[in-house]
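Here's a quick tour for anyone opening this structure for the first time. Take a look at the view below, then read on for the strands and the ligand site.

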Amino acid sequence: MELLQPTSWEEALAAKAAHPEALPLCGGTDVMVDVNFARERPETILDLTRVAELNEVGTGDGTIRIGAGVTYTRAIRELGGALPGLAIASRTVGSPQIRNRGTIGGNLGSSSPAGDALPPLYASHAMVELASSASTRTIAVEDFITGPKRNVLAPDELIAAVHVPRARGPQQFSKVGTRNAMVIAVCSFAVSIDLEERTVGTCIGSAAPTPRRAREAEAHAGENLDWERRTTPSDATIARFGELVGRAADPIDDQRGTAAYRRHALAVMARRTLTWAWSACA
Ligand SMILES: Cc1cc2nc3c(=O)[nH]c(=O)nc-3n(C[C@H](O)[C@H](O)[C@H](O)COP(=O)(O)OP(=O)(O)OC[C@H]3O[C@@H](n4cnc5c(N)ncnc54)[C@H](O)[C@@H]3O)c2cc1C
């Protein structure tokens, strides 16, 4: 197996252009599992761990630019104020060891419907920055992931960063697993309240081929929350929100849970997270 170890972003992009078949490795917490279980037998690995540019976090124009190599541990430590939903979701990932190695860029690269960083990114309308040695493009995270473990990365491209609007209101994330830690989500849900735009962003995890926004639920919450006085919403408003989130899912039965359980759990998580988030607006 050939191992390419660029030490700068420019070198990394040049290496990917010269070796489009090379499998990028950031924290390796997905790649090495696939190699160990012989699901991947890459001839070439592009090790990105020495590319310092990927570890940068930048702020500007109300948006946080998170380099693809930023770990969950750093998201928890550094982004809790600006992006609370992402920080809460990061706390649910794996164990301390996985959170120290695993990256936001790797979660995007794996494009699993169960990736825990993804629902908060969808709920906040994040944009993914992709680069090749020839050009850079930025696309909505919803357009980046196209199916289970599939995305639009071209063979000569790498994920440079994700751009996430700074929270303009409370955010929440909730995850159901078969135990409390070190667990792949049975299903998950993220909500993001934008007090300036008076909108609610949502995303369902692990209950459709990709993470998925619950758009009808978003519209319902936007229309029925009392943005002026921020009073407690009626039980009917909250219940309808949960129902619409459950209906937006397209879950399957598998070893982690049934489709019916996932829909039920999503409705419960949606009701809870909206209640928690809205009560923080008072
Ligand atoms: C024990 C264990 C527990 C886990 N628990 C969770 C959990 O609770 N929640 C969760 O969401 N995940 C979990 N994971 C999965 C994994 O940790 C995450 O998906 C993590 O975000 C992957 O990041 P990484 O940097 O390790 O990615 P890597 O393994 O390095 O890469 C993952 C994929 O992304 C590609 N890639 C990486 N960086 C780039 C880049 N810059 N450009 C283009 N492609 C790139 C790789 O080629 C590969 O396809 C767990 C894994 C393990 C082993």
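Let's begin with a pair of strands: S6 (residues 127-131) and S7 (residues 136-140) run antiparallel to each other and pair over five bridges. Keep in mind that this is a predicted model.

**The hairpin**

- S6 and S7 make up a hairpin, and four residues sit between the two strands.
- If you want a spot to look at, find leucine 130, which has arginine 137 of S7 opposite it.

**The open sheet**

- Elsewhere, three strands come together as an open sheet, lined up in the order S1-S3-S2 with parallel pairing.
- Zooming in on one pairing, S1 and S3 (residues 44-47) are joined in the parallel sense over three bridges.
- Within that pairing, leucine 3 has isoleucine 45 in S3 as its bridge partner.

**Who surrounds the ligand**

- There are 32 residues around the ligand, and the ones that come nearest are Pro24, Thr29, Asp30, Tyr72 and Thr103.
- Sorted by class, this shell holds 17 nonpolar residues, twelve polar ones and three charged ones.

- Cysteine 26 uses its backbone here: one of its backbone N or O atoms is 2.6 Å from an oxygen atom of the ligand.
- Aspartate 116 uses its side chain instead, where an N or O atom lies 2.7 Å from a nitrogen atom of the ligand.
- At isoleucine 159, a polar backbone atom is 2.8 Å from a nitrogen atom of the ligand.

**Cover and contributing elements**

- How much of the ligand's accessible area does the protein cover? On its own the ligand has 980 Å² of accessible area, and the protein covers 87% of that.
- Strand S2 (23-25), helix H2 (31-36), helix H6 (104-110) and strand S10 (158-165) are the elements that each give two or more residues to the shell around the ligand.
- H6 gives the most, with four residues in the shell.

Conventions:
Residues are numbered from 1 along each chain as its sequence is written. This is a predicted model: local features need pLDDT of at least 70, side-chain atom pairs count only at pLDDT 80 or more; totals for chains, interfaces and linings use all residues. Side-chain values use heavy atoms; hydrogens and water are left out. A residue is near a molecule or strand if one of its heavy atoms lies within 4 Å of it. A polar contact is a pair of N or O atoms within 3.5 Å; within protein, one must be able to donate a hydrogen and the other to accept it, and residues adjacent in sequence count only if both atoms are side-chain atoms. Accessible areas come from the Shrake-Rupley method with a 1.4 Å probe; for residues, only the protein chains shown count as cover. Ala, Val, Leu, Ile, Met, Phe, Trp, Tyr, Cys and Pro count as nonpolar, Asp, Glu, Lys and Arg as charged, and the others, Gly among them, as polar. Two strands pair if DSSP finds at least two bridges between them.
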